[in-house]
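Look at the sequence and the model below, and keep both in view while reading.

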Amino acid sequence: MTSPPRLLAAATLLLATTLYGIPTAHADDDPNDPPGTEPSASAPVEVDPNDPDLKLPDGATLAQAKVLDIKSVVEEQSGDERREDTNTSVTLALQAEVLFGKDSSKLGAEAKARIRGIADEIRTQNATRVRVFGFTDNLGSSAHGDVLSKRRANAVHDVLSQSLNDANITYEVRGYGEQYPIADNATEAGRKKNRRVEVSFPRTGP
């Protein structure tokens with residue numbers, strides 16, 4: 001993240017997003033909350049159906065209120081980095097090839113620079129809760145993928161925590177292995193997208 005990414009696509013979707021949960025120093029052995037499954041929208045604004053300024057036909061009633069978050073998805077042309085913004089959160093996904101060597105959890109200098117760029121944004125947002133989730137493709141054994149994704153999530157967490165050096169920030173760090181793919185594991189292009197580390201945190205500003 002040392003230079004502005006080239007943008008290939010920006011899609012706006014109406015989807016529920018995530019809350020940020022229990023802080024841990026390193027990856028849990030038994031993750032139980034899959035990413036992106038918790039409701040996040042706040043309660044809708046209450047509307048008075050008897051308000052004289054609300055013009056409803058005789059006999060008409062208001063439908064039950066719903067609140068949906070707006071999600072904007074932007075991906076680098078290379079596909080190395082993917083960003084999701086909602087009105088409540090930011091999620092940055094870095095492909096494993098950008099960060100690590102094959103079957104490795106060791107970070108190089110360029111990878112650390114990208115992670116420090118994420119740390120700068122976390123600082124700008126004044127976020128105090130940060131999630132770091134690791135994922136792999138479905139090649140090899142599931143157990144190996146679980147271990148590798150944990151190690152990679154821990155490596156990214158270590159650079160973030162050192163860069164931020166803020167005792168007020170709590171981290172949830174997990175390895176999900178081949179669970180929760182975002183692309184088709186039947187192709188190498190899809191597997192490449194699935195090999196990733198996601199860093200997410202709440203938004204506090206525009």
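Tyr180 sits in the loop between E6 and helix H4 (188–194); helices (H or I, at least four residues) and strands (E, at least two) are DSSP runs, numbered from the N terminus. At 31% relative accessibility, Tyr180 counts as partly exposed, because that class lies between buried, under 20% relative accessible area, and exposed, over 50% (1.4 Å probe, protein chains only). Tyr180 is not a glycine, yet its phi is positive, about 60°. Most residues other than glycine have a negative phi.

This is a predicted model, in which local features need pLDDT of at least 70 and side-chain atom pairs count only at pLDDT 80 or more, while totals for chains, interfaces and linings use all residues. Residues are numbered from 1 along each chain as its sequence is written, and side-chain values use heavy atoms, with hydrogens and water left out.

Now take the protein as a whole. Its secondary structure comes to four helices and seven strands. Read along the sequence, these follow the pattern β-β-β-β-α-α-β-α-β-α-β. The protein has 206 residues, of which 41% count as buried. Contact means heavy atoms within 4.5 Å. Among contacts between residues at least 6 apart in sequence, 72% join residues at least 24 apart.

The loop between H1 and H2 contains Gly101. Gly101 is partly exposed, at 38% relative accessibility. Leaving aside neighbours within four places in sequence, Gly101 is in contact with Lys106 and Arg152.

Next comes H2. This helix has 16 residues and reaches 23 Å from its first C-alpha to its last, close to the 22 Å expected at 1.5 Å a residue; the expected span is 1.5 Å times one less than the number of residues. Which residues of H2 are buried? They are Ala111, Arg114, Ile115, Gly117, Ile118, Ala119, Glu121 and Ile122. Glu121 has a relative accessible area of 15%, so it counts as buried. Not counting residues up to four places away in sequence, Glu121 touches Arg83, Val90, Leu92 and Phe201.

Beyond the end of H2, Gln125 is found in the loop between H2 and E5. Gln125 is buried, at 8% relative accessibility. Although Gln125 and Val90 are 35 residues apart along the chain, their C-alpha atoms are separated by 9.5 Å.

H3 has 23 residues and reaches 33 Å from its first C-alpha to its last, close to the 33 Å expected at 1.5 Å a residue. Asn165 follows H3 and is found in the loop between H3 and E6. Asn165 is exposed, with a relative accessible area of 68%. Like Tyr180, Asn165 is not a glycine, and its phi is positive, about 45°.

How do H2 and H3 lie relative to each other, and at what angle do they cross? Their axes come within 9 Å and cross at roughly 55°; axes are lines fitted to C-alpha atoms, for helices over the stretch in contact, and angles run from 0 to 180 degrees between N-to-C directions. H2 is therefore oblique to H3, since angles under 35 degrees count as roughly parallel, over 145 as roughly antiparallel, 65 to 115 as roughly perpendicular and the rest as oblique. The crossing is right-handed, meaning that the near helix is turned clockwise from the far one by less than a right angle. On the H2 side, the residues that meet H3 are Lys112, Ile115, Arg116, Ile118, Ala119, Ile122 and Arg123. Their partners in H3 are Val156, Val159, Leu160, Ser163 and Leu164.

Finally, consider the core. A nonpolar core is a set of buried Ala, Val, Leu, Ile, Met, Phe, Trp, Tyr and Cys residues joined through side-chain atoms within 4.5 Å. The largest one here has 27 residues, among which Ile122 and Leu160 touch the most other members. Strand E4 (89–95), helix H1 (96–99), helix H2 (109–124), strand E5 (129–135), helix H3 (142–164), strand E6 (170–175) and strand E7 (196–202) each supply at least two residues. H3 gives the largest share, six residues. Not counting residues up to four places away in sequence, Ile122 touches Ala127, Val130, Leu160, Leu164, Ile169, Val199 and Phe201. In soluble globular proteins, nonpolar side chains tend to be buried together.
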